[in-house]
Amino acid sequence: MRGVIAVTLALTLGACGGHDPFSPMVATVAGSYAASSFTLSSSAGTTDLLALGSTVAITLAADGTTSGRLFIPGGAEDGSDVDVDLVGTWALSGATVTFNQTGDTFIRDSEFTAARNRLTGEGTFSGTVIRLVLGKAI
């Protein structure tokens with residue numbers, strides 16, 4: 001019995017000791033991302049933009065540049081498609097990622113939080129909350 005307890009304790013301690021906390025650095029955040037969740041929420045309810053055919057793909061290069069595309073079918077005020085080139089730059093401060101892009105989108109007006117293989121951003125614009133979760137291609 002004592003041997004079983006010792007093995008169980010060793011396995012438990014080994015599992016705890018194997019925890020690898022994420023450290024946001026340019027090297028760990030840089031990479032290619034795609035939207036895994038993209039929603040709009042207002043007093044009228046929540047809309048899943050991915051289910052409507054929207055896409056967001058962005059690459060954060062280690063040199064601080066970005067490339068990619070934001071596409072929202074029928075998402076413009078006049079009902080036309082939103083199709084924006086996401087070329088620009090990105091910066092990391094702590095766990096916060098910010099973007100500076102020529103395309104005028106909520107992405108450049110929001111702060112994103114870096115986690116392991118994920119960026120999460122949220123902003124409120126004219127009473128509508130836009131939430132975007134980007135998953136890193138690994």
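Thr105 is buried, because its relative accessible area is 7%. Buried means under 20% relative accessible area, exposed means over 50%, and partly exposed lies in between, with a 1.4 Å probe and protein chains only.

Some ground rules. This is a predicted model, where local features need pLDDT of at least 70, side-chain atom pairs count only at pLDDT 80 or more, and totals for chains, interfaces and linings use all residues. Residues are numbered from 1 along each chain as its sequence is written, and side-chain values use heavy atoms, with hydrogens and water left out.

Now the overall picture. The chain has two helices and 10 strands. Helices (H or I, at least four residues) and strands (E, at least two) are DSSP runs, numbered from the N terminus. Along the sequence the pattern reads α-α-β-β-β-β-β-β-β-β-β-β. Of the 138 residues, 30% count as buried. The accessible surface of the chain is about 8,000 Å², and 57% of that belongs to carbon and sulfur atoms. Those areas come from the Shrake-Rupley method with a 1.4 Å probe; for residues, only the protein chains shown count as cover. Next, contacts, meaning heavy atoms within 4.5 Å. Take those between residues at least 6 apart in sequence: 41% of them join residues at least 24 apart.

Back to Thr105. Thr105 sits in the loop between S7 and S8. What does Thr105 contact, once neighbours within four places in sequence are left aside? Leu70, Val84 and Leu86. Leu70 is 35 residues from Thr105 in sequence, yet the C-alpha atoms are 8.6 Å apart.

The side chains of Asp104 and Arg108 meet in a salt bridge, at 3.2 Å from N to O. A salt bridge here is a side-chain nitrogen of Lys or Arg within 4 Å of a carboxyl oxygen of Asp or Glu. Asp104 counts as exposed because its relative accessibility is 58%. Arg108, at 31%, counts as partly exposed.

How many salt bridges does that rule give? Three. Another joins Arg69 and Asp83, at 2.7 Å from N to O. Arg69 lies in strand S4 and Asp83 in strand S5, so this pair ties together parts 14 residues apart in sequence. Arg69 is partly exposed at 39% relative accessibility. Asp83 is partly exposed too, with a relative accessible area of 47%.

Stay with S4 and S5 for a moment. Asp81 lies in the loop between strand S4 (65-72) and strand S5 (82-85). Buried or exposed, or something in between? Asp81 counts as partly exposed, because its relative accessibility is 44%. The side chain of Asp81 reaches the backbone nitrogen of Gly74 at 2.8 Å. Not counting residues up to four places away in sequence, Asp81 touches Phe71, Ile72, Pro73, Gly74, Gly75 and Ala76.

Strand S8 (residues 112-115) and strand S9 (residues 118-125) pair in the antiparallel sense over four bridges. Pairing requires that DSSP finds at least two bridges between the strands. S8 and S9 form a hairpin with two residues between them, and Asn117 in the turn has a positive phi of about 60 degrees. S9 also runs antiparallel to strand S10 (residues 128-136), joined by eight bridges. That hairpin has two residues between the strands as well, and Ser126 takes a positive phi near 50 degrees.

Follow Gly121 across these strands. Gly121 in S9 is the bridge partner of Phe112. Gly121 also stands opposite Leu132 in S10. Glu122 is partly exposed at 47%, and Arg131 is partly exposed at 34%.

Last, the aromatics. Rings of Phe, Tyr and Trp (its six-membered ring) pair if their centres lie within 6.5 Å; planes under 30 degrees apart count as stacked, over 60 as edge-to-face and the rest as tilted. The count comes to two aromatic pairs. One of them is Phe99 with Phe112, edge-to-face, at 5.4 Å centre to centre and 85 degrees between the planes. The pair links distant parts of the chain: Phe99 in strand S7 (residues 96-101) and Phe112 in strand S8, 13 residues apart. Phe99 counts as buried at 6% relative accessibility. Phe112 is buried too, with a relative accessible area of 1%.

Technical notes. A polar contact is a pair of N or O atoms within 3.5 Å; within protein, one must be able to donate a hydrogen and the other to accept it, and residues adjacent in sequence count only if both atoms are side-chain atoms.
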